[in-house]
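I wanted to look up which elements pack together and how.

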Amino acid sequence: LDYAHAKCGPDGQPLGVVHRDISPSNLMVSQTGQLKVIDFGISRASHGHLMKHTGRIKGKLAYMAPESMVGRLDSRSDLFSASVTAHEILTATPLFAGKDDLNTIARVRNMQPLPPSVGNPTCPAALDEIVLRGLAKDPATRWPSAAEMRSAIAELGVDHARPASSREVWDWVESVFTSPQDRGLATPLREPLSDVVGDDSASHSGEPVRLDEIPDASSRAPS
């Protein structure tokens, strides 16, 4: 996200790219253990011929920032969506998804999320703070950039436990998405695995693990 948000045009000026649809179905893990953000199909830029004005809400409602619903959005809107996803990963529970679209919109606009640790006691307080800051209703009080949010998460990993390596990430993905009899028989890795956050190999592409069959939380109303 930081790369997309900071992308500049030929004139050297930032394009103001906003993904607008950060959600679980648009995140993939490659066989090199790297997280990939996909589907920039409804992304927009803040100027020039890349800007789209349709008057329609685009994106999954349960992951959209409040300001996105009235057409005012910037890179911090993507950080809200990323924080919704993070909250749901930590709690295994839909955050804003309601019984219908109107209920979901009302929850996004008005509901104050509880810290993830309420649903997951193993979540450290520092991670609660990172996620809740990303979920602030006012964009001015969120993380100012994806880079700063990423740095805070990286520092948290160093403070509480060593960060998971790319190999460990892939081993976990394989254990979840591969049947026991087929485990270890997945397509061989075509690229070296990186154990260093920010290693250049992160820019390479690996064979993806498809997450298409995993429904977004937005499609499930809370019990």
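I counted a contact wherever heavy atoms lie within 4.5 Å, and I took helices (H or I, at least four residues) and strands (E, at least two) as DSSP runs numbered from the N terminus. The model is predicted, so I kept local features to pLDDT of at least 70 and side-chain atom pairs to pLDDT 80 or more, while totals for chains, interfaces and linings use all residues. Residues are numbered from 1 along each chain as its sequence is written, and side-chain values use heavy atoms, with hydrogens and water left out.

Entry on α5 and α6. I found Ala 126, Leu 127 and Ile 130 of α5 in contact with Met 149, Ala 152, Ile 153, Leu 156 and His 160 of α6.

Entry on α2. I noted that helix α2 (residues 75–91) has 17 residues and reaches 25 Å from its first C-alpha to its last, close to the 24 Å expected at 1.5 Å a residue, where the expected span is 1.5 Å times one less than the number of residues. Among its buried residues (under 20% relative accessible area, 1.4 Å probe, protein chains only) I listed Leu 79, Phe 80, Val 84 and His 87. The buried residues of α2 pack against α1 (2–6), β1 (27–30), α3 (101–110), α4 (116–119), α5 and α6. Just after α2, I saw that Ala 92 takes a positive phi of about 55°.

Entry on β1. I recorded that Leu 27 and Val 29 point one way from the strand and Met 28 and Ser 30 the other way, all of them buried.

Note on methods:
Buried means under 20% relative accessible area, exposed over 50%, partly exposed in between (1.4 Å probe, protein chains only).
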